[in-house]
Amino acid sequence: MTLQRKNTNEIIYKLDDMSDCNEDIVLVAIKSNMPDYKMAYCLNRSLGVHFHKVSPEISLTDNGTAFFRSFKYEDQKNHLIWRLFENKSNFSENNEDVNHSLFHTDDEVFNATNYLIPEWKNIDFFMLIENADLLFNTDELLEKLQNIKNISTQFIVDMDSLSIKSQKNLIF
C-alpha cells in the first residue's frame, strides 16, 4: 500500500499489486460422475484427508437462491485448509405467483442451473487448498487424483484467470 498526497490535506491510500492474494491458494478442477459424498469419500481414502460436510451449504442469490454442497478438512499439522465443493446447483421451485385456476397443474415448476464458477461449466467439483506454500507438491496431488477410478479430468486452475465475480464466490 502506498501513500499518496494531493494538494489538499487529504490522504489517499492506493492498493499496490493484488496478485499476492492468490499465491497461497491452489484451486483444482475435477470432472467426475460421482455424487458429492462419494467424491469426498474417495478423496479421503486416496489423499489421506478427512473431509466432513459443511452446514449450511454455500448459497448464492443472483437469480433466485442456489445452494452448493461443500466439504472441509483442516490439516493442523501442515496448516492447510482443504475445501471440496460442487460447481453445479440444480434447483426447482414452484411459481407461487400463478393464480390457481381450473386449468392449473402442479407441473408448472421453474427449473434452473447455477454455477459457482461459470467459466468452468463442464467441471463438476473444485478443491480449494488454502495456505499452500512452495513446498506443497501439486504434481503429486494431481497424480493421486489421476489414480481415482471415476475422475476423468483434473487440473490446476489459475486464480487470476477467473472473473472477479467467481473469485468472490470462492470466499467462504
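Which strands does helix α2 (residues 138–146) lie across? The model is predicted: local features require pLDDT of at least 70, side-chain atom pairs count only at pLDDT 80 or more, and totals for chains, interfaces and linings use all residues. Residues are numbered from 1 along each chain as its sequence is written, and side-chain values use heavy atoms, without hydrogens and water.

Helix α2 lies across β3, β8, β11 and β12. Its direction runs at about 165 degrees to β12. Axes are lines fitted to C-alpha atoms, for helices over the stretch in contact (heavy atoms within 4.5 Å). Angles run from 0 to 180 degrees between N-to-C directions. Helices (H or I, at least four residues) and strands (E, at least two) are DSSP runs, numbered from the N terminus.

The open sheet has 6 strands in the order β4-β7-β8-β11-β3-β12. Pairing (at least two DSSP bridges between two strands) is antiparallel. β4 (52–53) and β12 (151–157) stand at the edges with a single partner strand each, so one side of each lacks a neighbour in the sheet. Helix α1 (residues 36–47) packs on the sheet and touches β3 (25–32), β7 (70–75), β8, β11 and β12. The direction of α1 makes about 150 degrees with that of β8. Strands β8 (residues 80–86) and β11 (residues 125–130) are joined by 6 bridges. F85 has F126 of β11 as its bridge partner.

Helix α2 also gives the most to the lining of the largest pocket, with 3 residues. That lining divides into 8 nonpolar (Ala, Val, Leu, Ile, Met, Phe, Trp, Tyr, Cys and Pro), 4 charged (Asp, Glu, Lys and Arg) and 4 polar residues (the others, Gly among them). A pocket is an open set of points on a 1 Å grid over the protein atoms alone, where a 1.4 Å probe fits, with protein on both sides within 12 Å along at least five of seven lines; lining residues have an atom within 4 Å of a point.
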